[in-house]
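Welcome, and thanks for taking a look at this one.

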Protein chains: 2
Amino acid sequence: VVAAVHAAVEDLIGERGLADLTIGEIADRAGVNPTSIYRRWGTLEALVLDVEMAAVEVRSPIPDTGSLRGDLHTYATGVAREVAGPGGLTFLRAVLALGDREDVTRSEAMRNRADRIERMMDRARERGEPAPHWTAVQDCILAPLYLRVIFGVGGLDEEFITTLVDRVLATDFG
Amino acid sequence: VVAAVHAAVEDLIGERGLADLTIGEIADRAGVNPTSIYRRWGTLEALVLDVEMAAVEVRSPIPDTGSLRGDLHTYATGVAREVAGPGGLTFLRAVLALGDREDVTRSEAMRNRADRIERMMDRARERGEPAPHWTAVQDCILAPLYLRVIFGVGGLDEEFITTLVDRVLATDFG
């Protein structure tokens with residue numbers, strides 16, 4: 001059921017974006033009962049967020065290159081590609097459409113991604129590299145990449161990505 | 001006409017948010033012809049963006065405290081209050097709803113705000129303080145404040161605001 005629903009959402013968003021997408025239509029396409037979708041995901045937005053995050057995990061998995069700088073650089077390059085690509089803002093639109101902010105922090109997909117970033121930091125510490133709290137990655141890498149695309153101000157080139165990685169690494173590790 | 005339309009948009013958003021808002025309804029409330037609205041703003045989203053930015057300018061004007069650190073701190077405190085407040089994400093929703101990314105960079109309201117931040121940087125340079133490009137303010141202050149509220153991850157306390165200001169000031173001034 002999960003695989004069929006995910007595929008249906010990806011197909012429908014690929015065909016015509018998020019606009020007017022309904023759970024009924026997704027259920028039809030996936031050949032499942034709408035009730036199963038409501039029971040598992042609750043809302044259309046939570047479902048879209050789950051699907052989008054799963055796709056990001058496949059295309060841009062959290063890296064393990066052997067150094068924190070290498071990991072952060074690979075991560076930032078992946079996010080830049082995702083955000084600037086077609087449908088790069090679909091994820092953020094889905095998050096913003098979730099009426100209740102609580103829904104966002106309860107999202108399993110988002111918590112799992114955060115956990116993977118946290119483990120990337122842990123691996124660095126185990127190697128003896130100082131690493132900041134994982135939220136520094138959200139603040140210094142994810143956030144500016146998103147806002148540059150949203151506001152259409154500033155590019156996402158290699159030099160910029162290096163600047164963002166430097167900012168994470170300059171974060172106070174207290 | 002502009003004042004009446006702005007007041008109508010603020011009233012309607014205050015009453016029931018962005019959902020289902022139409023230009024026809026705004027025109028009715030403002031007592032103007034819908035054609036005047038289409039002619040001046042083009043789209044509902046561009047109008048909302050103009051209204052929201054004007055309100056931000058009134059509540060949180062770009063500061064002139066006499067030092068770049070003071071200016072950045074006051075600016076960041078204002079943004080944190082705006083973004084965390086009721087309707088704090090309305091502006092971003094309106095930006096994201098603009099179908100054409102070009103519409104965003106063409107927005108007079110956004111360009112004016114960016115110009116004011118640029119002048120804040122110029123004032124610093126005139127006092128002999130090194131100042132980075134104004135986009136460092138978007139990358140290091142605006143972006144993480146927005147994403148912390150959107151994702152519900154991390155607080156917006158005084159310590160965090162100081163960290164953000166430090167990051168802007170640590171930016172390479174080349």
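What follows is a short tour of some helix pairs, then of a cavity and a pocket.

Please bear in mind that this is a predicted model. Two packed helices are described by the angle between their axes and the distance between the axes.

**H5 with H9 in chain A**

- The axes of H5(A) and H9(A) lie 9 Å apart, at an angle of about 25°.
- Angles under 35 degrees count as roughly parallel, so H5(A) is roughly parallel to H9(A).
- The handedness of the crossing between H5(A) and H9(A) is right-handed.
- On the H5(A) side you will find Leu72(A), Tyr75(A), Ala76(A), Val79(A), Ala80(A), Val83(A) and Ala84(A), which meet Val137(A), Ile141(A), Leu142(A), Leu145(A), Tyr146(A) and Val149(A) of H9(A).
- By class, that contact of H5(A) with H9(A) holds 13 nonpolar residues, with no polar and no charged ones.

**H5 with H10 in chain A**

- Helix H5 (residues 68–84) of chain A also packs with helix H10 (residues 158–169) of chain A, at an angle of about 130° and with the axes 9 Å apart.
- That angle makes H5(A) oblique to H10(A).
- H5(A) and H10(A) have a right-handed crossing.
- H5(A) brings Leu68(A), Arg69(A), Leu72(A), His73(A), Ala76(A), Thr77(A) and Ala80(A) to this contact, while H10(A) brings Glu158(A), Ile161(A), Thr162(A), Val165(A), Asp166(A), Val168(A) and Leu169(A).
- The residues in the contact of H5(A) with H10(A) are 8 nonpolar, 3 polar and 3 charged.

**H4 with H6 in chain B**

- In chain B, the axes of H4(B) and H6(B) come within 9 Å and cross at roughly 150°.
- Angles over 145 degrees count as roughly antiparallel, and H4(B) and H6(B) are therefore roughly antiparallel to each other.
- The crossing of H4(B) and H6(B) is left-handed.
- Glu45(B), Val48(B), Leu49(B), Glu52(B) and Met53(B) of H4(B) make the contact with Thr90(B), Phe91(B), Ala94(B), Val95(B) and Ala97(B) of H6(B).
- The contact of H4(B) with H6(B) has 7 nonpolar residues, 1 polar and 2 charged.

**The cavity**

- The count comes to 1 cavity of 30 Å³ or more.
- The largest cavity holds about 30 Å³ of space.
- Its lining is made up of Asp139(A), Cys140(A), Pro144(A), Leu164(A) and Arg167(A), along with Asp139(B), Cys140(B), Pro144(B) and Arg167(B).
- The elements that give two or more residues to the lining of the largest cavity are helix H9 (135–151) and H10 of chain A, together with helix H9 (135–151) of chain B.
- The lining of the largest cavity has 5 nonpolar and 4 charged residues, and no polar ones.

**The largest pocket**

- The volume of the largest pocket is about 1,300 Å³.
- Of the 49 residues lining the largest pocket, Leu89(B), Thr90(B), Phe91(B), Arg93(B) and Ala94(B) are the closest to its centre.
- The elements that give two or more residues to the lining of the largest pocket include helix H6 (90–97) of chain A, as well as helix H1 (2–16) and helix H8 (108–126) of chain B.
- H4(B) gives the largest share of the lining of the largest pocket, 9 residues.
- By class, the lining of the largest pocket has 30 nonpolar, 8 polar and 11 charged residues.

Note on methods
Residues numbered from 1 in each chain as written. Chains lettered and ligands numbered in written order. Predicted model: local features only at pLDDT ≥ 70, side-chain atom pairs only at ≥ 80, totals over all residues. Heavy atoms only, no water. Axes fitted to C-alpha atoms, helices over the stretch in contact; angles between N-to-C directions. Helix = DSSP H or I, 4+ residues; strand = E, 2+ residues; numbered from the N terminus. Parallel < 35°, antiparallel > 145°, perpendicular 65-115°, else oblique. Left-handed = near helix turned anticlockwise from the far one by under 90°. Contact = heavy atoms within 4.5 Å. Nonpolar A, V, L, I, M, F, W, Y, C, P; charged D, E, K, R; others polar. 1 Å grid on protein atoms, 1.4 Å probe; cavity = no way out; pocket = protein on both sides within 12 Å on 5 of 7 lines; lining within 4 Å. Points joined across faces, edges and corners; volume = space filled by probe spheres on them.
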